[in-house]
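Here is a short tour of one protein chain, written for someone who likes to look at geometry. Please have the viewer open and follow along as we go from the overall fold to a few side chains.

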Amino acid sequence: MSIVLALSIPGSELSFGSILETVPEVHLQFDRVVPVGTSSFSYVWVNTPKRATFEDAMQRHSITESFQFLQREDDELLYRVDWQPETDPFLRCLGVVNAAVLQARGAANRWYFQLRFDTQDDVSRFQRRCSERDIPIAIEQVLSGSAGEHTGPLLTPTQRQTVALALEWGYFDVPRRTTVVELAKELDVSDQAVSARLRRATKRLSQQALSDAADRNTSQSQINRS
């Protein structure tokens with residue numbers, strides 16, 4: 001059974017942290033999975049009032065091989081980034097044990113991760129590697145099984161805000177008590193933006209619900225066979 005660790009680490013210990021020192025107002029949240037071990041694409045939501053300064057820092061930093069701006073949702077920007085994990089000691093520690101990063105978010109001063117390991121031996125190897133490199137990780141929670149894969153927030157802050165308002169105003173009721181246009185007016189965005197947020201949020205939450213149901217069915221089958 002896999003093991004999920006929730007931990008935090010000072011931003012100064014990460015290459016991401018040195019990027020963000022140039023734009024202290026920025027906050028990052030990776031979208032579901034951050035690949036490690038090889039250079040591959042990942043998606044990251046960026047909340048910053050200084051887009052040009054942030055992109056300049058990304059361009060100059062050695063951990064970033066390439067990046068591409070994809071879309072904007074109010075104050076949040078979505079990028080696709082090709083990282084070079086071998087330039088970062090913490091990511092190298094993850095790559096040694098092929099740990100999967102389920103969630104990564106933070107700013108220059110502190111970062112929070114949820115990591116999935118295949119075995120307890122992998123956890124021990126990871127902790128030993130961090131200790132050898134004087135990386136001060138703080139383990140905050142230990143979870144077992146696939147349920148930990150969904151412990152992090154699935155929605156961006158703007159998506160959560162939109163869904164919360166839609167629930168409060170009865171958008172999901174039958175019959176509906178409000179419209180996309182009314183929600184958009186309250187949020188001071190276009191009705192297209194509200195529709196897009198609700199679609200993406202519904203997709204993510206539906207995927208989680210189906211996955212959780214499958215996990216429960218698998219667990220019940222194992223109990224019945226025992």
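The chain has seven helices and eight strands. Keep in mind that this is a predicted model. Of the 226 residues in the chain, 43% are buried. As for contacts between residues at least 6 apart in sequence, 67% of them join residues at least 24 apart.

**A helix pair**

Let us turn to two helices that pack against each other. Two packed helices are described by the angle between their axes and the distance between the axes. For helix 3 (residues 89–96) and helix 4 (residues 120–132), the angle is about 150° and the axes are 9 Å apart. Angles over 145 degrees count as roughly antiparallel, so helix 3 is roughly antiparallel to helix 4. The crossing of helix 3 with helix 4 is right-handed. On the helix 3 side, the contact is made by F90, C93, L94 and V96, while helix 4 contributes R125, F126, R129 and C130.

Two of these names come back in an aromatic setting: F90 and F126 belong to a cluster, linked by ring pairs, that also holds W111, F113 and F117.

**Aromatic rings and charges**

How many aromatic pairs does the count come to? The count comes to eight aromatic pairs. Y171 and F172 form an edge-to-face pair, because their ring centres are 5.3 Å apart and their planes stand at 80°, with over 60 degrees being the cut-off for that label. Is Y171 buried or exposed? Y171 counts as buried, because its relative accessibility is 10% and the limit for buried is under 20%. F172, in turn, has a relative accessibility of 39% and so counts as partly exposed.

A second case is R51, whose charged end sits over the ring of F69. The table gives both distances.

| Charged residue | Ring | Distance from ring centre |
|---|---|---|
| R51 | F69 | 3.9 Å |

**A buried threonine**

Our last stop is T162, placed in helix 5 (residues 157–169). Why does T162 count as buried? Its relative accessibility is 1%, so T162 falls in the buried class. Which residues does T162 touch, not counting those up to four places away in sequence? T162 touches L187, V194, R197 and L198.

How values were computed
Residues are numbered from 1 along each chain as its sequence is written. This is a predicted model: local features need pLDDT of at least 70, side-chain atom pairs count only at pLDDT 80 or more; totals for chains, interfaces and linings use all residues. Side-chain values use heavy atoms; hydrogens and water are left out. Rings of Phe, Tyr and Trp (its six-membered ring) pair if their centres lie within 6.5 Å; planes under 30 degrees apart count as stacked, over 60 as edge-to-face and the rest as tilted. Buried means under 20% relative accessible area, exposed over 50%, partly exposed in between (1.4 Å probe, protein chains only). A charge sits over a ring if NZ of Lys or CZ of Arg is within 6 Å of the ring centre and within 35 degrees of the ring normal. Axes are lines fitted to C-alpha atoms, for helices over the stretch in contact, and angles run from 0 to 180 degrees between N-to-C directions. Helices (H or I, at least four residues) and strands (E, at least two) are DSSP runs, numbered from the N terminus. Angles under 35 degrees count as roughly parallel, over 145 as roughly antiparallel, 65 to 115 as roughly perpendicular and the rest as oblique. A crossing is left-handed if the near helix is turned anticlockwise from the far one by less than a right angle, and right-handed if clockwise. Contact means heavy atoms within 4.5 Å.
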